[in-house]
Amino acid sequence: MAIFTGAGVAIVTPFNEDGSINYDRLDELIEFHCAHKTDSIVICGTTGESATMTEEEHMQCVKFTIDRVNKRVPVIAGTGSNCTRTAIDMSKEASEYGADGLLLVTPYYNKATQNGLIGHFSAVAKEVTAPIIMYSVASRTGCNIEPATVARLVKDVDNIVGIKEASGNISQVAKIMNLTDGNVDLYSGNDDQIVPVLSLGGKGVISVLSNVAPDAAHDICEKYFEGDVKGSAELQLKALPLIDQLFCEVNPIPVKKAMQLMGIDCGPLRMPLTEISPEHEKNLAQAMKDFGIQLV
């Protein structure tokens, strides 16, 4: 059984003006998502600026989220690292806190061969019982998980159950499903490809869009699962201009600004990320209005 089906939010991490984590605002965001159809909360992923967190901050954030959600929806903890030992330690700790699943990004900067990826993911999986979703996003990590590697891992390692596929290459996604005979929990890592991924047997999306339009992201999936493919596709296409603007600069720069425009101030970005340009902010605000999001 999949950890979740539908739209899981790659939730932002709110910061105070001094750069510390704003747990009061994170609590508000958790309540917002539990009330607006979000199917899962993915904490400390790329959108959560995990790359600039200390390990202590990272794990405190994971524990806080698991405790506050209190089993209302599944919580998936981002515990990936370019250091296998670090990924093991964080994954074990998140599992002990009660994470429903783990999201493990491919090693970045030092990267890995496909054999290295097999060794890396297998080593983490051996140390935990929680189900693991691999995260393939070569545009950020420089390291792609090839379909044959996905197929081998989900076949040979019991608790490696899924993949967040953010290559943007729908042919690669199709090959993954072919080589695994569909026996993998596939999630779109791109909000503009939810319906295409669902059409290949996907379980849903791990979504940036869900931060600002959780009902819509959920409904794209729900309509598809209920057989309303036309309605799902129409909503997907309607969301495309907004999705484009949410990625007009490096994620999560635009989505944090979008939330501020909605009256949900999640504080500053951590360097090296910087504030959105005025022109992009203007275009983002217009796309939000056009989609029906009320701005303050």
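At 24% relative accessibility, Asp100 counts as partly exposed, a class that lies between buried (under 20% relative accessible area) and exposed (over 50%), as judged with a 1.4 Å probe on protein chains only. Its partner is Lys71, with which Asp100 forms a salt bridge whose closest N and O atoms are 3.2 Å apart, the term being used for a side-chain nitrogen of Lys or Arg within 4 Å of a carboxyl oxygen of Asp or Glu. This pair links distant parts of the chain, 29 residues apart, since Lys71 sits in the loop between α2 (55-69) and β3 (75-78) and Asp100 in the loop between α3 (84-97) and β4 (101-105). Lys71, at 58% relative accessibility, counts as exposed.

The model is predicted, and local features need pLDDT of at least 70, side-chain atom pairs count only at pLDDT 80 or more, and totals for chains, interfaces and linings use all residues. Residues are numbered from 1 along each chain as its sequence is written, and side-chain values use heavy atoms, with hydrogens and water left out.

The protein chain holds 12 helices and 8 strands, which are DSSP runs numbered from the N terminus (helices H or I, at least four residues; strands E, at least two). Its radius of gyration is 18 Å, close to the 19 Å that the globule rule gives for 296 residues, so the chain is as compact as a globular protein of that length; the radius is taken over C-alpha atoms, and the rule is 2.2 Å times the number of residues to the power 0.38. Of the 296 residues, 56% count as buried.

A search of the whole structure finds 12 salt bridges. One of them joins the side chains of Asp219 and Lys37 (3.1 Å, N to O), and because Asp219 lies in helix α9 (residues 214-225) and Lys37 in the loop between α1 (23-35) and β2 (40-43), the pair ties together parts that are 182 residues apart in sequence. Asp219 is buried, with a relative accessible area of 17%, whereas Lys37 is partly exposed at 38%. Asp156 and Arg152 also meet in a salt bridge (3.8 Å, N to O), and, being 4 residues apart in helix α6 (residues 147-156), they are separated by about one helical turn.

Lys164, in strand β6 (residues 160-165), is buried yet has no salt bridge, the nearest side chain of opposite charge, Asp191, being 8.4 Å away. Not counting residues up to four places away in sequence, Lys164 touches residues including Leu103, Ile133, Tyr187 and Ile206, where contact means heavy atoms within 4.5 Å.

Conventions:
Lys, Arg positive; Asp, Glu negative; His and termini not counted.
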